[in-house]
Amino acid sequence: MNTKVRSESDLQISGSDVKQKDGKKKKKWRLWNLFTTKSIRQIISDMTIHGVPHVADKEIAVWNRLLWLLGVCSSLGVFLAMFYWLQEDYYQYPYKTMVSSAPTYRLPFPAVSICNINTMDVSRVAYAESLRDIMSWTAFGPFNMHLDEAEDQHWQVLNMSAQTILEQTDPGVNETIRACFYDGGIRNCDELFDVTYWSLTRCLTLDVSKIKPASGTTNLRVVVNVNEAGYVVQEDKSVGVKLFVHPVNDAPNFNAHTCAASPGFSTHVALKYQQMRMLGYPYKSYGDRYCVKTIDTKGLPVTGSKYHLMPCLKHRAVMMAHQNCSCRTPFQTDPDRPDCTLYQMLTCVIPILDVLTKENLYNASASLGCPLPCDIEQYPASITFSYFPSSLAEHTLIAKNLIENGTNIRGNYLELNIYYSELILHKMEYVAEYSAMSIMGSIGGNLGFFLGASVVSVAEILELAIIGFLRLLQRLSRAVFTSRV
């Protein structure tokens, strides 16, 4: 078999390259050729970042290239400083407030609690004088009388169950609220209102589930009999009722009632409806405090399906009173403890429960372990008054047995007229200052302004880093192989 011998002029081998007859070099396959066949200098010269190609340009004088390098490094330093300030501000979790108002054709009517300023109607019991004496001892300060200092009849009343006293001095819904009108129709007051208790205070709360939402002409109008003859002297020495407007399933805030209405007047309460939505952790919405979303009910007492602050505060305060006073407050379920006597209520329970009526909700929330809610509904009101009843209406109300004839009408009866002044939903919402899009926009804007860079520039930098790493790895492997040989 004939074999053709190649001469040195046909093929020359030099290093790792093969030189063919046409004078061209055929490069061996290398790992970085998967990305590019350019040299690192060429890659830098083709980068889109402003100023970087001038640093690698051999046709520019060295001092000029150094100036370009200094400019690029300075711009990069400013960008990094801006990025540091951005992330520092981000971890402060700032937020902005968005306010909006939108008209609507219906609004949910709020829960309304009407509480007689008088604690109990003592005209209904035989021990009225003793009860008046006992309650008057609390009119100018804490109750400090001991049982052995009281007379026999006082001692008997003080030792009675507080719940029994409240039941016996309860005039009933229909005796307190003599007439109810909602949305232009007459309603049964006993069905429309529920009796609720807090300490020795009795309130009548509107059951919103039994009425329709409010439209343009909706109002709640009630005629109330305060029965001044059954009053006792206590800390609040006025006559009338306190009105509390609050969300459904929430409880009255006894620190901030909507208004106090006096007998002899028709009190017109024009409401607005506001929703406030704040941000939960890690955003601080109450100074240095965090709030919780109303649907996050784990480990918290709830009413309905949501968490509300006031029911939680009341529950925790009552549990504290039960534990410290070794008795059960009125109308609470606790089979392990007996009913609190009137004496225990005045000397032990009420001072504990005053954490809600004497402190603001911010402090009470911290002391009782009830977190502040992120979602709040508010009903700011404007209030006007007019005399009630008119001379003509007085005869009609007496004829319909809504007002008792022969009584001090202007000293006992009042009217409440509650309605929305406008069907507008007002919203105030906290929104995070930074979102994913705003952060990307800020970083991209700074990159473009200081370096003229973009996402494509980031890809070029990654390419340069990968190829540089692979070539460094090849040189290291050659050095190791050479040392072993």
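In this predicted model, helix α3, which spans residues 62–90, packs with helix α14, residues 436–451. Two packed helices are described by the angle between their axes and the distance between the axes. For this pair the angle is about 165° and the axes are 9 Å apart. Angles over 145 degrees count as roughly antiparallel, and α3 is therefore roughly antiparallel to α14. The crossing in which α3 passes α14 is right-handed.

The residues that build this contact can be named on both sides. From α3 come Val 72, Ser 75, Leu 76, Val 78, Phe 79, Met 82, Phe 83, Leu 86 and Tyr 90. They meet Ile 439, Ser 442, Ile 443, Asn 446, Leu 447, Phe 450 and Leu 451 of α14. Sorted by class, the contact of α3 with α14 holds 13 nonpolar residues, three polar residues and no charged residues.

Although Tyr 93 is not a glycine, its phi is positive, at about 50°.

Helix α9 (residues 309–325) and helix α11 (residues 361–368) have axes that come within 10 Å and cross at roughly 50°. An angle of this size makes α9 oblique to α11. The crossing of α9 and α11 is left-handed. On the α9 side, the contact is made by Leu 309, Met 310, Leu 313, Arg 316, Ala 317 and Met 320. On the α11 side, Leu 361, Ala 364, Ser 365 and Leu 368 take part. The residues in this contact of α9 with α11 comprise eight nonpolar, one polar and one charged.

The strands may be considered next. Five of them form an open sheet in the order β8-β9-β5-β11-β12, and their pairing is antiparallel. Strands β8 (193–198) and β12 (259–261) stand at the edges with a single partner strand each, so one side of each has no neighbour in the sheet. On average, neighbouring strands of this sheet are turned by 30° against each other, direction ignored. Within the sheet, β5 (residues 111–116) pairs with β11 (residues 241–246) in the antiparallel sense over six bridges. Ser 113, for example, has Phe 244 in β11 as its bridge partner.

Two cis peptide bonds deserve attention when the backbone is traced. One runs from Tyr 281 to Pro 282, with omega near 10°. Pro 282 belongs to the loop between β13 (265–277) and β14 (291–292). Another cis peptide bond joins Phe 388 and Pro 389, where omega is about -10°. Pro 389 is placed in the loop between β17 (381–387) and α12 (391–399).

Finally, the confidence of the prediction should be kept in view. The protein chain has an average pLDDT of 83, and 88% of the residues score at least 70. Over residues 1–19, by contrast, the pLDDT is below 50. Beyond near neighbours in sequence, this stretch has 15 contacts in the model.

Notes. Residues numbered from 1 in each chain as written. Predicted model: local features only at pLDDT ≥ 70, side-chain atom pairs only at ≥ 80, totals over all residues. Heavy atoms only, no water. Axes fitted to C-alpha atoms, helices over the stretch in contact; angles between N-to-C directions. Helix = DSSP H or I, 4+ residues; strand = E, 2+ residues; numbered from the N terminus. Parallel < 35°, antiparallel > 145°, perpendicular 65-115°, else oblique. Left-handed = near helix turned anticlockwise from the far one by under 90°. Contact = heavy atoms within 4.5 Å. Nonpolar A, V, L, I, M, F, W, Y, C, P; charged D, E, K, R; others polar. pLDDT = per-residue confidence, 0-100. Pairing = 2+ DSSP bridges.
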